[in-house]
Amino acid sequence: MNQLQGKELSASEMAERCRAMKAGGQQIVFTNGAFDILHVGHLTYLEFARQQGDVLIVGLNSDASIQRYKGKDRPINHCSDRVRMLLGLRSVDYVVVFEEDEPLELIEQLLPDVLVKGADWAHYVSGREVVEANGGRVVLAKMVEGRSTSSLIQAIR
């Protein structure tokens with residue numbers, strides 16, 4: 001039986017682990033998204049994020065939060081499937097599902113050392129102020145041109 005690389009934890013469990021890992025000198029990296037249909041753009045992005053520190057935590061939008069910003073036809077894949085797919089990647093250590101429209105509250109709980117977001121979000125990075133006020137940094141990842149879930153869905157249709 002194939003075991004998952006990482007773990008899905010609640011926000012409070014993850015916050016506790018973050019404190020312990022930081023006390024042990026590990027650099028915590030956080031990113032977030034829907035990760036609805038995994039593709040090479042996601043893989044490249046997550047590998048880049050993982051290279052920014054010792055541990056990568058992915059904040060995953062719940063199904064309800066995705067529907068609020070992407071519409072009633074999304075997500076394509078249920079949250080539990082998206083969690084499993086992410087945890088199967090070597091680059092992902094932990095996944096925390098959040099219900100809010102953006103991960104600000106989760107970032108406030110975890111206080112990552114590095115916050116990674118795609119360059120397409122350069123205009124607004126939720127949690128930037130919190131991370132930087134606590135001595136952390138924000139890193140923008142280059143996007144893989146022509147690779148997005150929306151374009152993939154459009155091609156399938």
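Tutor: Happy to! Strand β5 (residues 114–118) is mostly covered, with five of its five residues buried. Buried means under 20% relative accessible area, exposed over 50%, and partly exposed in between (1.4 Å probe, protein chains only). Helices (H or I, at least four residues) and strands (E, at least two) are DSSP runs, numbered from the N terminus.

Student: And what kind of model is this?

Tutor: This is a predicted model: local features need pLDDT of at least 70, side-chain atom pairs count only at pLDDT 80 or more, and totals for chains, interfaces and linings use all residues. Residues are numbered from 1 along each chain as its sequence is written, and side-chain values use heavy atoms, with hydrogens and water left out.

Student: Back to β5, then. Which residues point one way and which the other?

Tutor: V114, V116 and G118 point one way from β5, while L115 and K117 point the other way; all are buried. K117 also lies over the face of W121, at 5.4 Å from the ring centre. For that, NZ of Lys or CZ of Arg has to be within 6 Å of the ring centre and within 35 degrees of the ring normal.

Student: What is the strand order in the sheet?

Tutor: The order is β1-β4-β3-β2-β5-β6, in an open sheet of six strands with parallel pairing. The edge strands are β1 (7–8) and β6, each pairing on one side only. Two strands count as paired if DSSP finds at least two bridges between them.

Student: How many bridges does β5 make with β2, and how many with β6?

Tutor: With β2 there are two bridges, in the parallel sense, and five bridges join β5 to β6, again running parallel. In β5, V114 stands opposite V29, and L115 stands opposite F30. On the β6 side, R137 stands opposite V114. From β5 the chain crosses through α6 to β6, a right-handed β-α-β crossover; right-handed means that, with the strands pointing away from the viewer, the path from the first strand over the helix to the second runs clockwise.

Student: Nice. Where does helix α1 lie?

Tutor: Helix α1 (residues 11–23) lies across β1, β2, β3 (55–61) and β4 (94–98), at about 140 degrees to β4. Contact here means heavy atoms within 4.5 Å. The axes are lines fitted to C-alpha atoms, for helices over the stretch in contact, and angles run from 0 to 180 degrees between N-to-C directions.

Student: Changing topic: how many aromatic pairs are there in the whole structure?

Tutor: A search of the whole structure finds one. F35 and Y45 form a tilted pair, 6.5 Å centre to centre with 35 degrees between the planes. F35 lies in the loop between β2 (28–33) and α2 (40–50) and Y45 in helix α2, so the pair ties together parts that are 10 residues apart in sequence. As for the cut-offs, rings of Phe, Tyr and Trp (its six-membered ring) pair if their centres lie within 6.5 Å; planes under 30 degrees apart count as stacked, over 60 as edge-to-face and the rest as tilted.

Student: Is F35 buried or exposed?

Tutor: F35 is buried, with a relative accessible area of 5%. Its phi is near 45 degrees, a positive value in a residue other than glycine.

Student: What about the backbone at L111?

Tutor: L111 has a positive phi of about 45 degrees although it is not a glycine. L111 sits in the loop between α5 (104–110) and β5.

Student: And which residues does the cis peptide bond join?

Tutor: R74 and P75, with omega about 0 degrees. P75 is in the loop between α3 (63–70) and α4 (79–87).
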